[in-house]
Amino acid sequence: MAATCVRACGLLQVHRFVLSPCRQFSKQPVLAFRMTVPVCAEPLKKKKKVDSKITEERERKRQKKMQKLMEKLGPSELKPIEEFKIDSKLLEKNRLRTIPKISFEESEKRALLQKEWSHYRFQQHLRKTEIMERALKAQQKALEELLAESEELYDQAIQIDPSLIQFECKGPVNTPPIKGFESTDGEYIDITRDYN
């Protein structure tokens, strides 16, 4: 920062030139002294050294108060969740099903049937994939021929047809009415248990 003095009309004016790489050149007259706001602060107070025995005693007293409060409140009982309760009839041992034993011939017959079914499904899958591959190859060949013929027709051919994507399905919007059912006008009986 550079400052120059200029005497004009008998008055002394001080101009300040600010030169910095990130700011533009500016010229401002200094008309008065300026002072920053005084910062009022005082030195930090020294922390008092507290004996470890005193802190341990305070912690014990705090824990005793908490225990007394817990004893006054009584033991905490958890609210039972009805959905998690299992009916005792379902837990009886005699309800377990016994798996009937299958003869060796029957197990062999089932294994052969399973193998035949998996072979049939595999062949069906191969036929479907082969049809799809042939269709894709024919489509690609037709597009190449169309590109060689006319680029405009090719661009129109590769556009997505919005009429193919649209899908509308209309089904029943209301359940069919139940014969002889009289609906209550917003009344219900609250059977929720209150655990207070």
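**Entry 1: terms and overall layout**

I take helices as DSSP runs of H or I with at least four residues, and strands as runs of E with at least two, numbered from the N terminus. With that in hand I placed Leu-90, which sits in the loop between helix 1 and helix 2. I note that the model is predicted.

I then looked up the elements of the chain and found four helices and three strands. Their order along the sequence is β-β-β-α-α-α-α.

I looked up how much of the chain is buried. Of the 196 residues, 2% are buried. The chain exposes about 22000 Å², and carbon and sulfur atoms supply 57% of that area. I also looked up contacts with a separation of 6 or more: residues 24 or more positions apart account for 9% of them.

Side chains of opposite charge can pair when their charged atoms come close. I applied a cut-off of 4 Å between a side-chain nitrogen of Lys or Arg and a carboxyl oxygen of Asp or Glu. The count came to five salt bridges.

I started with Glu-57. Glu-57 forms a salt bridge with Arg-60, and the closest N and O atoms are 3.3 Å apart. Glu-57 has 37% relative accessibility, so I list Glu-57 as partly exposed. Arg-60 is also listed as partly exposed, because its relative accessibility is 46%.

Next I looked up Glu-59. Which residue forms a salt bridge with Glu-59? The partner is Arg-62, with the closest N and O atoms 2.6 Å apart. Glu-59 and Arg-62 are both in helix 1, three residues apart, again about one turn of the helix. Glu-59 has a relative accessible area of 34%, so I put Glu-59 down as partly exposed.

I moved on to Arg-134, which forms a salt bridge with Glu-130; the closest N and O atoms are 3.7 Å apart. Both belong to helix 2, residues 104-149, with a spacing of four residues, about one turn of the helix.

Is Arg-134 buried or exposed? Arg-134 is exposed, because its relative accessible area is 52% and the cut-off for exposed is over 50%. Glu-130, at 43% relative accessibility, counts as partly exposed.

**Entry 2: surface patches**

I looked for like charges gathered on the surface. Arg-58, Lys-61, Lys-64, Lys-65, Lys-68 and Lys-72 make a patch of positive charge there. I checked one of these residues, Lys-64, and placed Lys-64 in helix 1. Lys-64 has a relative accessible area of 56%, so I record Lys-64 as exposed.

I then looked for a nonpolar patch on the surface. Ile-86, Leu-90 and Leu-91 form one, and together they have about 330 Å² of accessible area. I came back here to Leu-90, the residue placed in the loop between helix 1 and helix 2. Leu-90 is exposed, because its relative accessible area is 51% and anything over 50% counts as exposed.

Notes: Residues numbered from 1 in each chain as written. Predicted model: local features only at pLDDT ≥ 70, side-chain atom pairs only at ≥ 80, totals over all residues. Heavy atoms only, no water. Buried < 20%, exposed > 50% of the residue type's maximum accessible area, 1.4 Å probe, protein only. Patch = residues over 30% accessible without salt bridge, like charges linked within 9 Å, V, L, I, M, F, W, Y side chains within 5 Å. Areas by Shrake-Rupley, 256 points an atom, 1.4 Å probe, with all protein chains shown as cover. Lys, Arg positive; Asp, Glu negative; His and termini not counted. Charge placed at Lys NZ, Arg CZ, Asp CG, Glu CD. Contact = heavy atoms within 4.5 Å.
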